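Hello,

Here is the structure I promised to pass on to you. Have a look at it first, and then read my notes below.

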Amino acid sequence: MADHSPGGGPDMPLSGVGLEGESLLLAEESEALAEAESELRSLQISLAQHAERLDRALVDLVPEFSRSYLQQLLAQGLVSLNGRPALKAAARVKAGDQVVLEMRPTLQSQAFRPEPMAIDVVYEDEHLLVVNKPAGLVVHPAPGNWSGTLLNGLLARDNKALLVPRAGIVHRLDKDTSGLMVVARDRAAMDALVSLIAERKVKRQYVAMAHGAWAGAPTRSVDAPIGRDPRNRLRMAVVDLAVHPGKTARTDFVCLERAEQGCWVQCTLHTGRTHQIRVHMASLRHPLVGDALYGGAPVGALQRQALHAYRLAFAHPVSGVALEFRAPVPADMREALSEWGLGYNAP
């Protein structure tokens, strides 16, 4: 949902990395790639992929590579179909076709490696996991964070994670946002969860600590499009779709408690845009505590954005049984709340 982001995955804007830092990262990544060897991989088109575009079939066959990268391999003549070079991404394939790829390594592909780590699993069955992600953990490999991510931990924890794209991750949380995420353990569950999310049938609620005394009615709804900030490409912002590109976004807010310094707010997502809650709260002049990108400042020891995904509810993608999970507010947020005399209504 957002998730999508350093911070939460490749679709999120970079933050806290200057031009010099980016150059160092690129130099290190280029050096790592120079030492890696290419790989020939032979694959066969399945019945389920019959009549698909070649590039789409390749995404299913080699999920650790992006579609854009596989299209580059095609354009470079590094893919053969039934013994002949395949140059057209739109070419239709048939069941039984033989495909050979010369896999030129990328940091993205090399990042898909198991790395044992402690994962707080709230629920598990044969089809899915629900995990409670701590603040500071990146969900998916991205520039500057090619290892030590939740994806790496999932690959080490569960052999089934190797069989589904992105280790079953269907939505993301920013690096410094804590809380609940659902992860698929098989392809059927993954496809079903993606559909549920697209249909807005996965209910996600957050709690946030924000600057500024809340005035007026406790309930507000923000229905405002979000796109790249035209004045700062590292941020997102509420935009006018007639002037700037963006996507519709809606968040409902309920003030649970208020103090002179700030407020304790429940946030319900109806869409899943990049940094949606952070942007919408900033647009209300209530930037999140610790969220320097959008005007927030630390409170006590709480340096990260004070945002926690505390509730997740959806119908099980296979059984249809209604599931609901809650994760308690982390200690760092509770301590910051207590400094303002808030937190009595913390879940």
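This is a predicted model: local features need pLDDT of at least 70, side-chain atom pairs count only at pLDDT 80 or more; totals for chains, interfaces and linings use all residues.

Which residues of α8 are buried? Within this helix, which spans residues 331–339, they are M333, A336 and L337. They lie on the same side of α8, because the arc they cover around the axis is only 100°. An α-helix has 3.6 residues a turn, so residues three or four places apart point the same way. What do the buried residues of α8 pack against? Their partners are the strands β8 (203–211), β13 (262–269) and β14 (307–315). After α8 comes G341, with a positive phi near 70°.

Now to another part of the chain. Four strands form an open sheet in the order β1-β4-β2-β3, and their pairing is antiparallel. At its edges are β1 (39–44) and β3 (84–85), each of which pairs on one side only. Three bridges join β2 (residues 79–81) to β4 (residues 98–103) in the antiparallel sense, and V79 stands opposite L101 in β4. Helix α3 (residues 67–75) packs on this sheet, where it touches β2 and β4. The direction of α3 makes about 100° with that of β4.

As for the whole protein chain, its secondary structure comes to eight helices and 15 strands. Of its 347 residues, 49% count as buried. The accessible surface comes to about 16,200 Å², and carbon and sulfur atoms account for 52% of that.

Best wishes

Conventions: Residues are numbered from 1 along each chain as its sequence is written. Side-chain values use heavy atoms; hydrogens and water are left out. Two strands pair if DSSP finds at least two bridges between them. Helices (H or I, at least four residues) and strands (E, at least two) are DSSP runs, numbered from the N terminus. Contact means heavy atoms within 4.5 Å. Axes are lines fitted to C-alpha atoms, for helices over the stretch in contact, and angles run from 0 to 180 degrees between N-to-C directions. Buried means under 20% relative accessible area, exposed over 50%, partly exposed in between (1.4 Å probe, protein chains only). Accessible areas come from the Shrake-Rupley method with a 1.4 Å probe; for residues, only the protein chains shown count as cover. The arc is that of the directions from the helix axis to the C-beta atoms.
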